[in-house]
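Notebook open, structure loaded. I'm jotting down what I look up as I go.

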Amino acid sequence: MGFRYEIRLSGSGGQGIILMGIILAEAIGIYDGRYVAQTQSYGPEARGGSSKSEVIVSDEEIDYPKATKPDLLLAMSQRSCDEFYSDLKPEGILILDSTFVTQIPPLKTFQIPFTRIAREKLKREVVANIVALGALTQLTPIISPKAMEAAVLARVPKGTEKLNRDALKAGMIAARKAKKDWMKAEAPPEVPKEDLLDSY
């Protein structure tokens, strides 16, 4: 059986989750040249319905286009985190928008305040989804930053290229920091030199 990597993007209606899935699939398929399938579903926005988009990546043709045990889950709302985190593979990665997700499951988790970054650094909350896409390029080897930028710029409205490029960059920087923090937290504590000498 060939390589298969399942990604689920989730959040609330109005957060741009579907557009994220389309851009991610185009980045992987058109610009990185892999087999990819993308599906989506969303509830009624008026009721704060949940929204999800799934992207399957493979090195061969994809026979089943839906995620059953995601390798990566991005949750932009507490509700979507609560609903989907249990589907993740045991070694899967959970990426949260810590602006809205405060109850964290006991999994390998990267917490990045995508919406707060968009609101405070870029003055446009609407690009929180692009900030999140920038973070994905640093937290998974599935997608290259170059392909992501090309896919984003091909999709966004004319005149917003700089804003979206800045949003991608902000997401990449935040993800690198989150990765460093996670590795630091996972590293075994350093034993002071004196203690090492005592053990001989």
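Predicted model: local features only at pLDDT ≥ 70, side-chain atom pairs only at ≥ 80, totals over all residues.

Leaving aside its neighbours within four places in sequence, which residues is E6 in contact with? I get V55, I56, K66, A67, T68, K69, P70, D71 and L72.

Next I checked where E6 sits. I find E6 in strand β1, residues 4-12. E6 has a relative accessible area of 6%, under the 20% cut-off, so I log E6 as buried.

Then on to α1, residues 17-31. With 15 residues at 1.5 Å each, α1 should span 21 Å, and I get 20 Å between its end C-alpha atoms, which agrees.

Which residues of α1 are buried? My list reads I17, I18, M20, G21, I23, L24, A25, E26, A27 and I28. Their cover includes β1, β2 (35-42), β3 (50-58), β4 (72-75), α4 and α5 (145-155).

Last entry: α1 against α4 (residues 128-139). Their axes come within 10 Å and cross at roughly 35°, and I note the crossing as right-handed. From α1, L19, M20, I23 and L24 meet N129, I130, A132, L133 and L136 of α4. I sorted the residues of this contact by type and got eight nonpolar, one polar and no charged.

Key:
Residues numbered from 1 in each chain as written. Heavy atoms only, no water. Axes fitted to C-alpha atoms, helices over the stretch in contact; angles between N-to-C directions. Helix = DSSP H or I, 4+ residues; strand = E, 2+ residues; numbered from the N terminus. Left-handed = near helix turned anticlockwise from the far one by under 90°. Contact = heavy atoms within 4.5 Å. Nonpolar A, V, L, I, M, F, W, Y, C, P; charged D, E, K, R; others polar. Buried < 20%, exposed > 50% of the residue type's maximum accessible area, 1.4 Å probe, protein only. Expected span 1.5 Å × (residues − 1).
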